Amino acid sequence: MLYVVLFFLAFSLLLYVLLAGADFGAGIVELLSSKQNRTVTKKTVYRVIGPVWEANHIWIIIVVVILWVGFPGFYNILVVYLHIPLTLILLGITLRGVAFVFRHYDVYKDKTQVLYDWMFRVSSLLTPIFLGITFSGLISGKLRVTENLETASFYTAYIGSWFNVFSLSIGLFFAGICAFLASILLIGEADKEERKRYVKKARITTITVILLGFMVLSIGYLQEKTFVLNFVKSPYSIVLIVLSALIILPLLRSIKNQSSIKTRTLAGIQVVLILLAAFVSQFPDLIITSDKTLSILDAVATKEVIKVLGIALIIGGTIILPGLFHLLKSFKMIKILE
Amino acid sequence: MDNLDAARLQMAFTLIFHIVFACIGMVMPFFMVVAHKKWLNTKNPVYLTLTKSWQKGVAIFFVTGAVSGTALSFELGLLWPEFMKHAGPIIGMPFSLEGAAFFVEAIALGFYLYGWKKLPEQFHWFTGVIVGIAGVASGILVVSANGWMNAPSGFDYANGVFTNIDPIKALLNPAWFTQALHMTLAAFTATGFAVAGIHAFQIYKKRQVELHKKAFKIAITFGAVAAILQPISGDLSAKDIAKRQPVKLAAMEAHYHTTKGTPLYIGGIVDNDKQEVTHKIEIPKALSFLAFGDFNAEVKGLNDFPDDVKPKNIAMVHYAFQVMVGLGTLLMVAGILFFISLKKRSWWTHKRYWLFFFLLAPLGFVALEAGWIVTEVGRQPWIIHNVMKTKDAVTPMPGIVYSFYMYLVLYGTLSIAVTWLMIRQIKFLNNSNIH
């Protein structure tokens, strides 16, 4: 049953990255659009993510619940030591969510729209950056997990692990992935000139993601981060990264041909490969502190709890997934049946 | 301010904020689908306009409830890591089911909000019903988790270690039913009276009277029925607390001394130093009867509990309890008056009738928040009743007070923004030409 739970954890995290990622990215694409194109982009973004964005963001709640129920030790480290970046993520999620709804449900469209728009765009960029930064805190090798926190300074205990160049590079990398997913999603949702703009954006973001990926690896390598050293040494990671490199050309070609289904599929595979590559070399030791590695399987909940959690997830999954699929299909985020 | 106080304040403040939005988000869909059904049956455009404007309200309240709920799911751990480390696996069941229910709600809401003219009429309407049902289900599940904090069960505890964890038993803890029933009725009462009150004000001001009367009737019917049923649930809750948390009962009524045939205090000023309540109305033997069903039963006073197991702020618990019961009774009377007014329609022509219901608008929520203060402050110093103290659960990170200030500004601003949006919404509605 532990594997069922781990599967749902990975699956929820993956869907969060793909769906919420595209969703954050839509705001980044809007931010990066030129002034005269923003209004058009705003309309398209609303049409595409409006019906689904709330559902997209619930995956993070599922991830959190699985962590605290099934892996309380891991969750505890996350909430104690990464309190500050997590709070900043929440701030971003809140401002972004309300701005998105306010700007579409405010009955009078007046000057306040400018405020909503900027709140939405800026928080769409900053939230994924902080998501990446928070993740980096776990693997930066600067986390000082200790019983007697009083002896550590506030900086070493609560700031040092995520406030550094390596963390920032991971944050930017994740924001890049979001923008990449969104531009590819938007290609299939627009016509003519607008479609061409997203094609261009998709190309630029693809290249940007590759460059940012190299940046993360180089910084990590130069700073001798355990995470990156394990990554480049692991044959599995190398194979996965080679595979993802191999589909870059078909992806770029498919972007050029504006084929929406093929592009979306390839982009999805691309992100899955990158995530797998990152996790496979490290699993299950997902926390790298200043002096040791901690496994997510340390302090896992008892067998009975895992069993019940697994059953709950299977039941929940059978209710939610078909509904979600129909929602995505009805509003054409999935274009399989056309 | 020390860290514990700051963390408690932040938790209290964010919960007080979230509860309002969560309640409206779970109850308003029911008003919306009733109006929608009436539109489908009568094809009266007033109902369509009403449905669509309530739908905008639902969307705005739902998102605010959803984001503050997401924040809370993190805050539980951010502020109380020791609590979550041990309680997380035990109360994971209600939370994971709540996650599922919330997911269903969000999916159904996506269908409903964007399904106009795209989905078959009846199916579209039905997705709205699912929004409501899923909302109530997630409310009940969250309250069940809180019930577990009041009536911990489904584990063995010795020397700081939790063993033999049974998540199902924890979900169905002894407090879950009474608390969930009380809270669900409270949510319907509070939202019903709040929405009805806003529409009553528009009728009072003679704006779009036809529409607002229809809206008023739908909302107040839900609110009035719930308010009339609430005392029964309140009685169940009181008896339950008397049995399981006698110290909370003593604090609610500010009884310092153990007595038999204990009177019920109404109102009064608590003097914690002299250990007495002055300026109160006393109903002889009533508390003994209400709590134990026996006029001569013994009610244990606060003095017979050790200092380290009873709440410090007796006055706050007592006042909050008085506010809850007082306002609940007032709303029940108002509910009965509404049903009488259905027979005596001449009342509806009086301006005072509408002013009365307008003035009641915020009171349901005041009562509801007061009720949560009773149950949460009344449980102190415990975070898990008789198992873990709140001070032992708080985060080791110093400086929580700054995080509290951040939430104060953020949610303060959001409250103003949402109110302002609602005012604009109503203004727009009043200026629109329906026919």
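Is B:Lys43 buried or exposed? Select B:Lys43: the residue is exposed, with 9 other C-beta atoms within 10 Å. (A residue is buried if 20 or more other C-beta atoms lie within 10 Å of its own, exposed if 12 or fewer, and partly exposed in between, with C-beta atoms placed from the backbone.) B:Lys43 sits in the loop between α1 and α2 of chain B, and its phi is near 55°, a positive value in a residue other than glycine.

This is a predicted model, in which local features need pLDDT of at least 70 and side-chain atom pairs count only at pLDDT 80 or more, while totals for chains, interfaces and linings use all residues. Residues are numbered from 1 along each chain as its sequence is written, and chains are lettered from A and ligands numbered from 1 in the order in which they are written.

Next, go to B:Gln275, in the loop between β4 (264-271) and β5 (276-283) of chain B. Helices (H or I, at least four residues) and strands (E, at least two) are DSSP runs, numbered from the N terminus. Phi is near 55° at B:Gln275 too, and this residue counts as partly exposed, with 15 C-beta neighbours inside 10 Å.

Now select the side of chain B that touches chain A. Here 51 residues of chain B are in contact with 51 residues of chain A (contact: C-beta atoms, placed from the backbone, within 7 Å). α4(B) supplies the largest share of this side, 17 residues. By class, the side has 35 nonpolar, twelve polar and four charged residues. (Ala, Val, Leu, Ile, Met, Phe, Trp, Tyr, Cys and Pro count as nonpolar, Asp, Glu, Lys and Arg as charged, and the others, Gly among them, as polar.)

In chain A, show helices α11 (residues 235-246) and α13 (residues 260-280), whose axes come within 8 Å and cross at roughly 165°. Axes are lines fitted to C-alpha atoms, for helices over the stretch in contact, and angles run from 0 to 180 degrees between N-to-C directions. The contact involves, among others, A:Leu240 and A:Ser244 of α11(A) and A:Leu273 and A:Ala277 of α13(A). It has nine nonpolar, three polar and no charged residues.

Stay in chain A and select A:Leu181, which touches A:Leu18, A:Gly21, A:Ala22, A:Gly25, A:Ala267 and A:Val271, not counting residues up to four places away in sequence.

Finish at two cis peptide bonds. One joins A:Phe283 and A:Pro284, with omega about 0°; A:Pro284 lies in the loop between α13 and β1 (287-288) of chain A. Another joins B:Gln380 and B:Pro381, with omega about 5°.

Key
Contact = placed C-beta atoms within 7 Å.
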